[in-house]
Amino acid sequence: MKVPIVVVGAGACGLVAALAAREAGVLVLERDASPSGSTALSSGFVPAAGTRFQRAAGVEDSPERMASDIRNKNKSQSSEKLIEALCRESGPTIEWLADEHGVPFELVQGFLYPGHSVLRMHCAPEKTGAALMAALLRAAGGIDLMCSATVTEVTPKSILVERPDGTSEKIEYGSLILACSGFGGNKAMVKQHLPEIANALYFGHTGNQGDAIRWGSALGAAVRHMGAYQGHGSVATPHGILITWALMTEGGIQVNARGERFSNEHLGYSEQCLPVLEQPGGIAWCIYDERLHKLGMTFPDYREANAAGAIKSSFALDGLENTLRLVEAYSAGKAKDPFGRDFTTKPKLQPPYYAVKVTGALFHTQGGLAIDAEARVLDWNGRPLPNLYAGGGAACGVSGDHVWGYLSGNGLLAAVTLGRIAGASAIRHLLR
Ligand SMILES: Cc1cc2nc3c(=O)[nH]c(=O)nc-3n(C[C@H](O)[C@H](O)[C@H](O)COP(=O)(O)OP(=O)(O)OC[C@H]3O[C@@H](n4cnc5c(N)ncnc54)[C@H](O)[C@@H]3O)c2cc1C
């Protein structure tokens with residue numbers, strides 16, 4: 001079999017790439033019986049600048065402003081050209097998906113993620129990655145999608161696909177798009193590249209085994225920023241449910257089992273995984289009030305955690321009373337937080353208080369195949385391989401080389417926007 005464009009992986013990146021490349025003839029190969037990926041596990045919040053959804057809400061944004069937020073977070077560690085391309089294309093990509101492919105995006109309102117200077121997260125009304133995946137799969141109806149199809153080998157012109165009955169098939173391609181994500185599900189690779197988080201819970205898709213990185217490397221591709229990842233400092237334990245960080249950005253605090261704060265909760269949820277894991281028992285408590293509980297209840301995950309009994313309105317923690325007194329003084333501007341957080345911009349916490357026990361987790365990896373602004377995979381000399389493209393978790397994203405460089409949304413930005421760029425580039429290659 002010969003196909004003009006083969007896409008490996010049917011998460012957000014693969015499906016968006018397939019939509020962009022559809023006219024050339026595309027085959028998408030997905031290991032799972034039903035596509036889900038980390039995309040379906042995610043909150044489904046996709047950042048984009050200058051969209052009509054932002055304008056309708058009176059939000060002024062621009063690709064330059066978005067680029068500056070990304071750069072501030074990763075301390076300018078990532079490829080400038082890639083940042084510029086992603087920010088420039090992010091708005092048109094969201095509008096293209098909404099207007100031409102019926103993805104029901106709306107602007108996420110009510111709180112800002114750390115490091116976002118304006119509201120720019122777009123999501124399906126359900127506020128879940130599962131809803132985003134469902135919409136993308138609906139849009140991709142009519143595109144050849146082969147499920148239970150694990151790609152096991154890649155050469156410069158063909159791939160080998162294995163089916164559950166043990167048979168395998170060689171498929172030749174004109175262009176290949178690697179959209180099979182990162183290596184978060186591969187314990188050995190996580191231990192090698194991310195030892196600091198190797199013992200933590202992995203909260204992403206287990207099928208993300210680093211295949212793209214392995215195949216690309218064998219074909220001579222360079223890899224970059226293998227130390228980059230998105231962590232999270234707020235997964236309800238033992239329930240294993242994501243607790244929205246909006247509780248922290250809007251005024252909540254995290255304390256350890258002694259009731260003491262241990263960090264500036266406003267730096268970002270990604271890097272917060274490490275200080276949480278360093279606390280006694282590897283856990284922390286998110287402490288907040290009724291106002292924030294109501295905000296939490298607008299998120300499906302939080303509602304699930306509430307129904308599961310993870311959210312406590314009656315609890316006792318030694319030392320918490322003293323911590324709350326200190327926080328009240330920070331909120332009133334009477335004392336300065338030793339961790340550097342400004343408490344004066346949000347309403348002060350008021351009883352009755354709520355609490356949820358959380359731990360730190362690894363969500364997904366952000367390092368991967370080196371690519372240029374056209375999603376072309378690069379060799380170690382910075383030259384593009386002739387017909388190989390990568391996006392989403394398979395490619396090196398824009399989070400620098402550390403956990404703290406991850407700005408909220410960098411994951412789906414690289415999946416959705418790079419997916420579209422990769423699809424368009426793959427077509428251009430065929431037309432040459
Ligand atoms: C809990 C959670 C919440 C998150 N929330 C957000 C958020 O709100 N916003 C944001 O920007 N990011 C978020 N992220 C990150 C985001 O989910 C990922 O960055 C993004 O989904 C990656 O998309 P992808 O298409 O590259 O990979 P995936 O969605 O993981 O898709 C990869 C696909 O490739 C398939 N595959 C793998 N290997 C093979 C193979 N050999 N052959 C065939 N198929 C293969 C897999 O089965 C999978 O379906 C979150 C992550 C998690 C875990």
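Let's start at P352, which sits in the loop between α13 (320–331) and β17 (353–365). Helices (H or I, at least four residues) and strands (E, at least two) are DSSP runs, numbered from the N terminus. The bond joining P351 to P352 is a cis peptide bond, with omega at about 5 degrees. P238 belongs to the loop between β12 (229–236) and β13 (241–242).

Before going further, some ground rules. This is a predicted model, in which local features need pLDDT of at least 70, side-chain atom pairs count only at pLDDT 80 or more, and totals for chains, interfaces and linings use all residues. Residues are numbered from 1 along each chain as its sequence is written, and side-chain values use heavy atoms, leaving out hydrogens and water.

Why pick out those two bonds? Most peptide bonds are trans, and most residues other than glycine have a negative phi. S76, in the loop between α4 (63–74) and α5 (80–101), has a positive phi near 55 degrees without being a glycine. S181 is also a non-glycine with a positive phi, about 65 degrees, and its place is in the loop between β9 (168–178) and α7 (187–193). S181 counts as buried because its relative accessible area is 17%, where buried means under 20%, exposed over 50%, and partly exposed in between (1.4 Å probe, protein chains only).

Now go back to β17 and follow it to its neighbour. β15 and β17 are antiparallel partners, joined over seven bridges; two strands pair if DSSP finds at least two bridges between them. One place to look is Y288, whose bridge partner in β17 is Y354. β15 also has β14 (residues 253–255) alongside, again antiparallel, with three bridges. There, Q254 stands opposite C286 of β15.

What about the burial of β15 itself? Seven of the seven residues in this strand (residues 283–289) are buried, so β15 is largely enclosed by the rest of the structure. In a regular strand the side chains alternate between the two faces of the sheet. In β15 both faces are covered: I283, W285, I287 and D289 are buried on one side, and A284, C286 and Y288 are buried on the other.

D61 counts as buried because its relative accessibility is 16%. Its side chain makes a polar contact with the side chain of R120 at 2.8 Å, and another with the side chain of Q54 at 3.0 Å. A polar contact here is a pair of N or O atoms within 3.5 Å; within protein, one must be able to donate a hydrogen and the other to accept it, and residues adjacent in sequence count only if both atoms are side-chain atoms. Leaving aside residues up to four places away in sequence, D61 touches A48, A49, G50, Q54, M66, V118 and R120, with contact meaning heavy atoms within 4.5 Å.

Finally, zoom out. The protein chain has 14 helices and 20 strands, and 59% of its 432 residues count as buried. Its C-alpha atoms fill a box of roughly 70 × 45 × 40 Å along the principal axes. Among contacts between residues at least 6 apart in sequence, 75% join residues at least 24 apart.
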